[in-house]
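Dear colleague,

I am handing over the structure below, and my notes on it follow. Please read them alongside the coordinates.

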Amino acid sequence: PSWTLTKTALQTSYSAAGQVVNFTLAVENTGNTGISSIIVSDILATSGPVYSSGDNNNNSVLDEDEIWIYNASRSMSQADMDNGSLLNTANITGIP
């Protein structure tokens with residue numbers, strides 16, 4: 001099994017504490033077997049990740065060539081502002 005996780009910020013900048021930055025996370029099965037029990041985590045998200053779409057046959061298995069979309073957001077903190085940037089990664093787990 002193999003997969004990719006692509007995380008994209010919908011806002012490319014932020015200017016104030018409390019501003020919300022939204023993210024789209026795309027999980028693509030690039031392998032040759034389905035993957036079940038998918039969990040997408042993002043420890044810096046203040047909301048989500050929440051599954052949005054992509055399970056084409058509604059079998060709760062990330063099938064070959066499927067791309068599942070998740071949404072998450074972060075309310076920027078004063079510490080984020082003081083740092084001048086945010087390095088935010090996400091993780092996925094699943095069972096082949």
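Is Trp68 buried or exposed? Trp68 is buried, since its relative accessible area is 5%, where buried means under 20% relative accessible area, exposed over 50% and partly exposed in between, with a 1.4 Å probe and protein chains only.

Please keep in mind that this is a predicted model, in which local features need pLDDT of at least 70 and side-chain atom pairs count only at pLDDT 80 or more, while totals for chains, interfaces and linings use all residues. Residues are numbered from 1 along each chain as its sequence is written, and side-chain values use heavy atoms, with hydrogens and water left out.

Aromatic contacts

Searching the whole structure gives two aromatic pairs, a pair being rings of Phe, Tyr and Trp (its six-membered ring) with centres within 6.5 Å, called stacked when the planes are under 30 degrees apart, edge-to-face when over 60 and tilted for the rest. The rings of Tyr51 and Trp68 have planes at 75 degrees and centres 5.6 Å apart, so this pair is edge-to-face. It connects distant parts of the chain, with Tyr51 in strand 4 (residues 47-53) and Trp68 in strand 6 (residues 67-75), 17 residues apart; strands here are DSSP runs (E, at least two residues), numbered from the N terminus. Tyr51 also forms an edge-to-face pair with Tyr70, at 5.7 Å centre to centre and 75 degrees between the planes. Ring pairs thus join Tyr51, Trp68 and Tyr70 into a cluster, in which Tyr70 is buried at 7% relative accessible area, whereas Tyr51 is partly exposed at 37%.

A charge over a ring

The charged end of Lys7 sits over the ring of Phe23, 4.4 Å from its centre (the criterion is NZ of Lys or CZ of Arg within 6 Å of the ring centre and within 35 degrees of the ring normal).

Three strands form an open sheet in the order 5-3-7 with antiparallel pairing, where two strands pair if DSSP finds at least two bridges between them. Strand 5 (61-62) and strand 7 (91-95) stand at the edges with a single partner strand each, so one side of each has no neighbour in the sheet. Strand 3 (residues 35-41) is joined to strand 7 by four bridges, and Ser41 has Asn91 in strand 7 as its bridge partner.

Best regards
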